[in-house]
Amino acid sequence: HYPLRRQRQMCRRDRNKILPRMPLSEYGVTRDDLAEFTDNVMTKQGRLMANNFVRLEADDVMAIYKDLL
């Protein structure tokens with residue numbers, strides 16, 4: 001998947017630097033990717049979601065991604 005591959009490449013390249021905060025679109029993420037990202041969080045990030053102070057539903061996660069796009 002291109003956006004994730006690009007993000008990994010940037011992390012490897014800049015391992016010892018703090019990257020500037022940029023919109024997800026700067027990493028190649030498109031609106032079409034957001035459903036997959038949301039599903040990934042909801043199905044594969046259970047431990048992180050369980051320890052979150054605020055219970056997030058899929059619609060909440062999607063809204064966060066849309067704000068970051």
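Does Glu-57 count as buried, partly exposed or exposed, and at what relative accessibility? In this predicted model, Glu-57 counts as partly exposed, at 39% relative accessibility. Its side chain meets that of Arg-55 in a salt bridge, with an N to O distance of 2.9 Å. Arg-55 is itself exposed, its relative accessible area being 69%. Side chains of opposite charge can pair when their charged atoms come close. The 2.9 Å separation of Arg-55 and Glu-57 lies within the 4 Å cut-off for such a contact, and the count comes to one salt bridge.

Helix α2 spans residues 34–44, and its buried residues are Leu-34, Phe-37, Thr-38 and Val-41. Viewed down the axis of α2, these buried residues fall within an arc of 100 degrees and therefore line one face of the helix. An α-helix has 3.6 residues a turn, so residues three or four places apart point the same way. Thr-43 and Lys-44, on the other side of α2, are exposed.

A search of the whole structure finds one aromatic pair. The ring centres of Phe-37 and Tyr-65 are 5.7 Å apart and the ring planes stand at 65 degrees, so the pair is edge-to-face. The pair links distant parts of the chain, with Phe-37 in helix α2 and Tyr-65 in helix α4 (residues 58–68), 28 residues apart. Phe-37 is buried, with a relative accessible area of 11%, and Tyr-65 is likewise buried, at 19%; the latter value falls under the 20% limit for burial.

Notes:
Residues numbered from 1 in each chain as written. Predicted model: local features only at pLDDT ≥ 70, side-chain atom pairs only at ≥ 80, totals over all residues. Heavy atoms only, no water. Buried < 20%, exposed > 50% of the residue type's maximum accessible area, 1.4 Å probe, protein only. Helix = DSSP H or I, 4+ residues; strand = E, 2+ residues; numbered from the N terminus. Arc of directions from axis to C-beta. Phe/Tyr/Trp six-rings, centres within 6.5 Å; stacked < 30°, edge-to-face > 60°.
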